[in-house]
Amino acid sequence: MVDERMPRFPQGFRWGAATAAFQIEGATTADGRGPSIWDTFTAEPGRVIDGSNAETAADSYRRWRDDIALLGELGATDYRFSISWPRVQPGGSGAANAAGLDHYERFVDALAEAGIAPLATLYHWDLPQPLEDAGGWLVRDTAERYAESVGLVLDRLGDRVGRWVTLNEPAMTTLEGYALGTQAPGRTLMLGALPTVHHQLLGHGLAVAAIRAASGTAEVGITNNHTLVVPASDEPADLVAAVAFDLVYNRIFIDPVLTGAYPDLSAFGLDAFPGLEPGDLDTIAAPLDFYGVNSYNPTYVAAPAEGSEFALAGLPFEPVGPPAGTPVTGFDWPVVPEAFTELLVSLRRDYGDALPPVVITENGASYVDEVVPGPDGEPAVHDVERIDYLDGHLRAVAAAIDRGVDVRGYFLWSLIDNFEWAQGYTQRFGLVHVDFETGERTRKDAFAWYRGVVADQRG
Ligand code: FCB
């Protein structure tokens, strides 16, 4: 399938891979790290599908040199990783934990030595537990605490890291963490979760200010996850449902950041955004250097079926499966590369010049990967479907660039297999297979494929 040459990406395009601290590091009590909401969540029976936790994960807190070697071998220009707040400021307030910062300083210095540019995410879901105990993202103070922690990181790493992502996917924190309860902190507040949107975005705005104050040259962006919302049919009820879903999944997280206003939420019976105070939107809409997009698949949406949990919760939509015959990943996510192009083109169409240059901060796929003996007896993983997914989605990015979207980089999720949140170790997204018993890393076929693409593109 993958035989036609990949279209040429623009000169200077960034080629990277992505990970997140909680998913790869393990060592959850090392060097003074405090507990996060994900340590608490994974310890509660029934929360994680395979009953696992991230105490070891991919063991990257100890094996980080191996990870950098893999990036070097890949020819990556950049690496997106996250800095664990509970390592840097274990209780979520007060003084910095020097040992935690030492770790990241060593790490970014070694990345620089390998010629790989860091893109550091300042919050990838691991809220210090004491802050959750004080109300978490439901309370305004958490935004202030977050900006303070960002200041501590910048004090130490501001001279070494040139690009920062403030938040990763605030939508998932709100929707899965506080509304549905399928991710940490596991609250089931439905529309009562909306204040967490505003407090996260306020935290983002305050963090942008803290980063600008600490460095005159730093580049800053946010990472939102977006999905192309596809109505399940042409029926008016499904069209209305799709608009409502788009509002809560996409627009409440992007509109305030790029346009300084929340969309109209009267469809949800709201006339003002919960938590909003005068002046907040100016903080939230601070100019950005890039806009991070995570996207994996489109979402098909219908009017809620009578008696469904969505209808019972008073929600005006219900996500449904893709059209029959659509291929899916190991996660059952539909594989529709054209939808990725449409999504990117729609961002450009809807936000125009308010949309900063786009960086794809995550895209990738999980499949059931088996380690088998390779031709030379060495372990191998023949992940043909992943290569197909990645090939299709990179071409989809190229098509969006062709149609006028300014995309500057692509970060493949993920460099290595890791702890996939509530799915535990059941979903493998890595270019590199990780044996979670031994920590052993095995390059999958997709690793060589991506290395080839990057080499060809970098010329
Ligand atoms: C995204 C998360 C990332 C990873 C991928 C599969 O929602 O940002 O941590 O779990 O999904």
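Biologist: Among contacts in the protein between residues at least 6 apart in sequence, what percentage join residues at least 24 apart?

Modeller: The model is predicted. A contact here means heavy atoms within 4.5 Å. Of the contacts between residues at least 6 apart in sequence, the share that joins residues at least 24 apart is 76%.

Biologist: Why is the protein described as being as compact as a globular protein of its length?

Modeller: The protein contains 15 helices and 15 strands. For 459 residues the globule rule gives 23 Å, and the radius of gyration is close to that value, so the protein is as compact as a globular protein of that length. The radius of gyration is 21 Å.

Biologist: What percentage of the 459 residues is buried?

Modeller: Buried means under 20% relative accessible area. By that cut-off, the buried part of the 459 residues is 59%.

Biologist: How far apart do the centres of the positive and negative side chains lie?

Modeller: The protein has 65 negative side chains and 31 positive ones. The distance between the centres of these two sets is 7 Å.

Biologist: Is Glu-370 buried or exposed?

Modeller: Glu-370 sits in the loop between strand E10 (358–363) and strand E11 (372–373). Its relative accessible area is 60%, and the cut-off for exposed is over 50%. Glu-370 is therefore exposed.

Biologist: Which residues does Glu-370 touch, not counting those up to four places away in sequence?

Modeller: One of them is 11 residues from Glu-370 along the chain, with 5.8 Å between the C-alpha atoms of Glu-370 and Val-381. Leaving out residues up to four places away, Glu-370 touches Val-381 and Ala-380.

How values were computed:
Residues numbered from 1 in each chain as written. Predicted model: local features only at pLDDT ≥ 70, side-chain atom pairs only at ≥ 80, totals over all residues. Heavy atoms only, no water. Helix = DSSP H or I, 4+ residues; strand = E, 2+ residues; numbered from the N terminus. Rg over C-alpha atoms; globule rule 2.2 N^0.38 Å. Buried < 20%, exposed > 50% of the residue type's maximum accessible area, 1.4 Å probe, protein only. Lys, Arg positive; Asp, Glu negative; His and termini not counted. Charge placed at Lys NZ, Arg CZ, Asp CG, Glu CD.
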